[in-house]
Amino acid sequence: MKKTMIITSVRPILMNRFLKSFQERGMDKKGWTIGLMTQCYSEEQLNELKANDVTNSLSIISVDKRVPPYIAKTTLLQTHESDIYCSLDDDCVLLETVNYEPVIDFVQKEEVGLVSCNWVRFNTPKMMKMKKISDSYKKQRIVFTGGGMLFAKKIRNVLISKPQTDWLFDDVQFSLDSYTSGYMNYRYMGSIIEHNVIVKGGIK
């Protein structure tokens with residue numbers, strides 16, 4: 001089974017940090033690759049990222065301009081054929097508490113659309129203590145990237161069939177496209193990663 005994480009990045013330092021956490025969690029051994037769109041990276045920054053890709057997990061589209069998140073991620077979906085997808089951001093860090101395996105099975109159910117996993121803004125004891133991990137799903141029409149937003153190929157086909165409009169939020173529009181196509185979206189409480197939302201320099 002082919003599994004692809006899709007990320008668009010304007011922050012090389014954070015993307016290198018994510019790649020390191022991907023390697024530390026052994027995600028390549030679990031069959032994951034990364035479809036990445038880098039935006040406005042210098043040649044030096046791009047070469048550094050490629051040098052750090054010791055597991056040969058990256059498939060990179062490099063552009064020299066800012067591309068809105070929705071258009072960037074649908075472009076990545078169009079250019080990466082896979083069975084399972086996980087939408088993430090460059091300010092994410094995969095922790096020891098990441099657990100996508102149950103979700104991979106769940107999203108293949110006929111009626112299931114997007115599944116957003118749990119997250120903390122920063123990996124601190126206080127924030128982690130506030131999150132209760134449980135192998136449970138909660139129905140939610142609009143879901144967010146959060147701790148990784150997983151979906152199967154059937155949803156990818158829905159998403160790439162829509163016009164490439166400059167929507168403000170890719171995750172909200174993905175949710176709407178999934179739900180209005182007859183699928184139910186969910187949150188999964190059994191996996192936690194770090195996601196430093198609302199930090200400087202992100203894609204707008």
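Helices (H or I, at least four residues) and strands (E, at least two) are taken here as DSSP runs, numbered from the N terminus. The model is predicted, so local features need pLDDT of at least 70 and side-chain atom pairs count only at pLDDT 80 or more, while totals for chains, interfaces and linings use all residues. Residues are numbered from 1 along each chain as its sequence is written, and side-chain values use heavy atoms, with hydrogens and water left out.

Asn 56 sits in the loop between α2 and β3 (58–63), and its phi is near 55°, a positive value in a residue other than glycine. Asn 56 is exposed, at 67% relative accessible area; here buried means under 20%, exposed over 50% and partly exposed in between (1.4 Å probe, protein chains only). Cys 40 belongs to the loop between β2 (32–39) and α2. A positive phi, near 60°, is found for Cys 40 too, and this residue is partly exposed at 42% relative accessibility.

Cys 117, by contrast, is buried, with a relative accessible area of 3%. The closest cysteine sulfur to that of Cys 117 is in Cys 86, 6.6 Å away and too far for a bond. With a disulfide defined as a pair of cysteine sulfur atoms within 2.5 Å, the count is zero.

Turning to helix packing, α1 (residues 12–24) and α2 (residues 43–52) meet at an angle of about 5°, with their axes 10 Å apart. Axes are lines fitted to C-alpha atoms, for helices over the stretch in contact, and angles run from 0 to 180 degrees between N-to-C directions. The pair is therefore roughly parallel, a label for angles under 35 degrees. In contact terms (heavy atoms within 4.5 Å), Pro 12, Met 15, Asn 16, Leu 19 and Gln 23 of α1 meet Gln 45, Glu 48, Leu 49 and Asn 52 of α2.

Helix α6 (residues 153–160) has Ile 155, Arg 156, Val 158 and Leu 159 buried. These residues lie on the same side of α6, because they cover an arc of only 160° around the axis, the arc being that of the directions from the helix axis to the C-beta atoms. Their packing partners include α3 (69–79), β4 (84–87) and α7 (170–179).

Helix α7 is mostly covered, with seven of its 10 residues buried, among them Phe 174 and Asp 177. The buried residues of α7 pack against α3, β4, β6, β8, α6 and β9 (184–195).

How values were computed: Angles under 35 degrees count as roughly parallel, over 145 as roughly antiparallel, 65 to 115 as roughly perpendicular and the rest as oblique.
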